[in-house]
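The text after it goes through the bonds between them, one at a time.

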Amino acid sequence: QVQLVESGGGSVQAGGSLTLSCVRSGTTWRNACMGWFRQTPGKEREGVATIYVLSGSTYYAPFVQGRFTISQDTAKNALYLQMNNLKPEDTAMYFCAAHFRGGRCLTQAQYQNDFTSWGQGTQVTVSS
């Protein structure tokens, strides 16, 4: 059974940094696409970044603008999201997700249904 468990959320002031972690278990991850998504109440969920586990290739949503970095530690079965220069508009529940369909590994709304496994989320709050 696939399991994803996020941690690392918290409250920071604008301009601060946080690193989110997601520990994965329950299957072979070699061919997985993993991603970070976020959602605030009343808004659509939006993709932040993805990484293809096998190759390490990454994709970022345009709003990231170089502030966030997605990475992984395959030995620890862990996924990370380093977030720098945080803004109040980054406040959201952040989710780790995965899919195993192969092919595309993207964050756009039309591809979010590719992701079949989701964590419970970790809250990030950025104050001005």
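**The disulfides**

The structure holds 2 disulfides, a disulfide being a pair of cysteine sulfur atoms within 2.5 Å. A bond of this kind is covalent and runs between the sulfur atoms of two cysteines. This is a predicted model, in which local features need pLDDT of at least 70, side-chain atom pairs count only at pLDDT 80 or more, and totals for chains, interfaces and linings use all residues. Residues are numbered from 1 along each chain as its sequence is written, and side-chain values use heavy atoms, with hydrogens and water left out.

Start with C22 and C96, which are joined by a disulfide with an S to S distance of 2.1 Å. C22 is in strand 3 (residues 18-25) and C96 is in strand 9 (residues 92-99), so this pair links distant parts of the chain, 74 residues apart. Strands (E, at least two residues) are DSSP runs, numbered from the N terminus. The disulfide is left-handed because the torsion about the S-S bond of C22 and C96 is about -70°.

Is C22 buried or exposed? C22 is buried, with 0% relative accessibility, where buried means under 20% relative accessible area and exposed over 50%, with partly exposed in between (1.4 Å probe, protein chains only). C96 also has 0% and counts as buried.

Now turn to C33 and C105, whose sulfurs are 2.0 Å apart in a disulfide. The link of C33 and C105 is right-handed, with 85° about the S-S bond. C33 lies in strand 4 (residues 33-39) and C105 in the loop between strand 9 and strand 10 (117-118), so the pair ties together parts 72 residues apart in sequence. C33 is buried at 1% relative accessible area, and C105 is buried at 13%.

Counting bonded cysteines along the chain, the disulfides follow the pattern 1-3, 2-4.

Terms used
Helix = DSSP H or I, 4+ residues; strand = E, 2+ residues; numbered from the N terminus.
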